[in-house]
Amino acid sequence: MLEMTGGFGAWEPGRGLVLARAAAGEAEILTLAVAPAARRQGLGARLMASALAGAAARGAAAMFLEVAAGNAAARALYAGLGFAEVGRRRRYYADGADALVLRRDIVANTVDGDAAGRV
Ligand SMILES: CC(C)(COP(=O)(O)OP(=O)(O)OC[C@H]1O[C@@H](n2cnc3c(N)ncnc32)[C@H](O)[C@@H]1OP(=O)(O)O)[C@@H](O)C(=O)NCCC(=O)NCCS
């Protein structure tokens with residue numbers, strides 16, 4: 001069971017999920033993961049679209065997330081969705097990698113996806 005103030009998400013059983021939360025006009029991606037066998041089929045992008053729609057439905061004007069600097073797949077996905085780097089947290093991860101903080105505007109009515117969490 002997921003119980004978290006302002007939390008929401010979307011998933012395809014056994015294939016992938018996104019968890020996010022929204023509060024005070026801002027939203028944050030907590031987790032995004034697609035199973036290795038299900039990658040490069042557009043699911044990650046659809047899950048992100050659903051999270052952006054869910055955030056818009058909750059009144060958020062911006063979405064934030066953290067990504068490891070060396071995570072080329074995730075960085076390419078987020079760049080394609082219009083996320084831009086707004087900060088860097090040095091040695092944020094246990095392996096010493098930096099985290100990049102990315103941000104994207106959320107403009108109501110211009111977000112693809114389904115606020116109900118369907119992907
Ligand atoms: C990052 C992740 C969620 C992407 O999921 P996905 O379902 O494969 O992504 P999509 O198929 O929707 O890809 C959308 C676009 O992102 C980019 N992309 C995705 N994977 C990529 C890769 N391995 N290399 C380069 N670009 C990639 C491409 O532009 C891709 O479009 P294209 O396939 O038309 O070229 C997945 O690789 C994953 O779960 N990784 C491990 C967990 C993780 O890193 N999560 C993010 C933590 S912040």
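1. Helix H1 covers residues 43-57, and at 1.5 Å a residue its 15 residues should span 21 Å; the end C-alpha atoms are 21 Å apart, which agrees. The expected span is taken as 1.5 Å times one less than the number of residues. Helices (H or I, at least four residues) and strands (E, at least two) are DSSP runs, numbered from the N terminus.

2. The model under review is predicted: local features need pLDDT of at least 70 and side-chain atom pairs count only at pLDDT 80 or more, whereas totals for chains, interfaces and linings use all residues. Residues are numbered from 1 along each chain as its sequence is written, and side-chain values use heavy atoms, with hydrogens and water left out.

3. Two helices and six strands make up the secondary structure of the protein. Read from the N terminus, their order is β-β-β-α-β-α-β-β. Of the 119 residues, 34% are buried, a term that means under 20% relative accessible area, with exposed over 50% and partly exposed in between (1.4 Å probe, protein chains only). Among contacts (heavy atoms within 4.5 Å) with a separation of 6 or more, 52% join residues 24 or more positions apart.

4. H1 is largely enclosed by the rest of the structure, because eleven of its 15 residues are buried. Among them are Leu43, Leu47, Met48, Leu52 and Ala55. The cover over the buried residues of H1 includes strands S1 (7-12), S2 (16-23), S3 (26-34), S4 (62-68) and S6 (99-105), together with helix H2 (72-80). Just after H1, Gly59 has a positive phi of about 85°.

5. Strands S1 and S2 run antiparallel and are joined by six bridges; two strands pair if DSSP finds at least two bridges between them. Gly9 has Leu19 of S2 as its bridge partner. Three residues lie between the strands of this hairpin, and Gly14 in the turn takes a positive phi of about 75°.

6. S2 also pairs with S3, in the antiparallel sense and over eight bridges. Ala23 stands opposite Glu26 of S3. In a regular strand the side chains alternate between the two faces of the sheet. The covered face of S2 holds Gly16, Val18, Ala20 and Ala22, while Leu17, Leu19, Arg21 and Ala23 form the uncovered one.

7. Two residues other than glycine deserve a check of their backbone. Ala24, in the loop between S2 and S3, has a positive phi of about 50° although it is not a glycine; Ala24 is exposed, with a relative accessible area of 86%. The hairpin of S2 and S3 has two residues between its strands. Arg40, in the loop between S3 and H1, has a positive phi of about 60° and is exposed at 85% relative accessibility.

8. The structure holds two aromatic pairs. Rings of Phe, Tyr and Trp (its six-membered ring) pair if their centres lie within 6.5 Å; planes under 30 degrees apart count as stacked, over 60 as edge-to-face and the rest as tilted. Tyr78 and Phe83 form an edge-to-face pair, 5.8 Å centre to centre with 65° between the planes, and both residues are buried. The ring centres of Tyr92 and Tyr93 are 5.1 Å apart and the planes stand at 90°, so this pair is edge-to-face. Tyr92 is partly exposed at 41%, as is Tyr93 at 28%.
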